[in-house]
Amino acid sequence: MTITDVARHAGVSTAAVSKVLRNAYGVSPAMRDKVQAAITELGYRPHAAARGMRGRTYTIGVLLDNVRNAFFADILDGIGDELRDSAYTVLIGAAGFAPEDQAKTVRSLVDRQMDGLILIAPGTAREEVLATAASTPTVVIGHHDSADTHDSVVDADDTGAALVVDHLVGLGHRDIALVSAQAPRANQWKRPPETVLTEGYLAAMERHGLAGHARIHHAAYSDEGGFKAGMTLLTAERPPTAVMTGADVAALGVYRAAHELGLRIPDDLSLAGYNNTALAALAPVQLTSVDQAGHTMGSTAARMLIERVEGRRDRAMRTTMTPRLVVRGSTAPPRDR
């Protein structure tokens with residue numbers, strides 16, 4: 001089945017069918033409906049390689065480090081919902097945490113002629129991302145570094161950290177620890193989200209006169225990373241009365257560590273996460289968490305990317321989400337020591 005067959009069936013020119021397939025400007029709703037009806041009746045599917053040779057494949061590549069982080073699912077839902085009624089298809093590259101593996105995946109997406117890329121907190125070297133974005137429209141989610149070559153969608157992570165510290169201090173906590181991913185030093189990103197989150201935490205602790213109580217434990221944003229961090233912090237000579245983590249998935253690991261040590265949440269330990277994923281609201285967990293509006297981040301990134309892909313904008317943009325704290329049952333006043 002070819003584009004000529006579709007044109008003949010719809011009673012229009014092949015140029016008209018091409019315009020509909022390209023979502024070109026100036027196609028009337030009646031023409032679009034007629035062509036789409038013919039495409040559906042004939043079961044026509046444009047050949048991706050052929051479309052690529054004509055200049056567009058209608059595919060968007062999304063890079064993430066793993067599929068176990070529920071926050072990424074929120075972002076992907078937002079991307080999918082934004083593109084659902086368009087001609088674009090999303091292909092996901094789960095590359096792992098290693099910068100070289102992420103770089104390899106980005107190159108593979110480019111080699112497969114993706115029309116654009118959405119990179120979620122990439123560990124790939126900044127220089128390589130900038131070089132990629134110079135030739136392939138790109139949106140970076142998470143990193144706060146400004147750039148002229150790619151669009152950015154970020155959360156005000158310093159504000160989010162302050163919301164948690166303010167909440168915990170208001171409950172009476174002083175020994176508040178932060179579990180955050182280690183910001184990579186070799187990939188040239190100066191403002192990754194974990195760096196901004198840590199800055200916000202330290203500034204808030206200092207504002208409350210608690211700089212001497214600040215404790216930062218670096219761990220991967222995973223259940224296992226959170227578990228190991230929890231075991232270390234909660235078996236210390238003076239364990240914290242409250243722990244905040246940079247991701248809900250890590251908070252669940254801390255939760256597991258507390259349970260293994262016979263500690264009850266929130267009676268013995270207050271625990272707060274970040275992302276406000278669906279897991280946070282589960283009845284047995286009821287995790288206090290910072291809502292980053294993951295779905296909105298994803299839909300915004302997709303919308304910004306298509307604007308660049310379709311030539312409707314040629315200047316880089318940055319959109320910042322405003323976080324809000326969702327208080328649940330995992331935080332409470334500390335017990336007297």
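Which residue is the bridge partner of Y274 in β10? That partner is V290.

## About the model

This is a predicted model, where local features need pLDDT of at least 70, side-chain atom pairs count only at pLDDT 80 or more, and totals for chains, interfaces and linings use all residues. Residues are numbered from 1 along each chain as its sequence is written, and side-chain values use heavy atoms, with hydrogens and water left out.

Strands here are DSSP E runs of at least two residues, helices are H or I runs of at least four, and both are numbered from the N terminus. Two strands pair if DSSP finds at least two bridges between them. β9 (residues 270-275) runs parallel to β10 (residues 288-291), with 4 bridges joining them. On to β12 (residues 324-326): β10 pairs with β12 in the antiparallel sense over 3 bridges, and V290 stands opposite L325 there.

Zoom out and you get an open sheet of 6 strands with mixed pairing, in the order β7-β6-β8-β9-β10-β12. β7 (215-218) and β12 sit at the edges, each pairing on one side only.

## A tilted tyrosine pair

The structure holds 1 aromatic pair. Y58 and Y88 are the partners, tilted at 45° between the planes and 5.2 Å centre to centre. For Phe, Tyr and Trp (its six-membered ring), pairing takes centres within 6.5 Å; planes under 30 degrees apart are stacked, over 60 edge-to-face, the rest tilted.

Y58 lies in the loop between α4 (48-53) and β1 (59-64) and Y88 in the loop between α5 (70-83) and β2 (89-94), so the pair ties together parts 30 residues apart in sequence.
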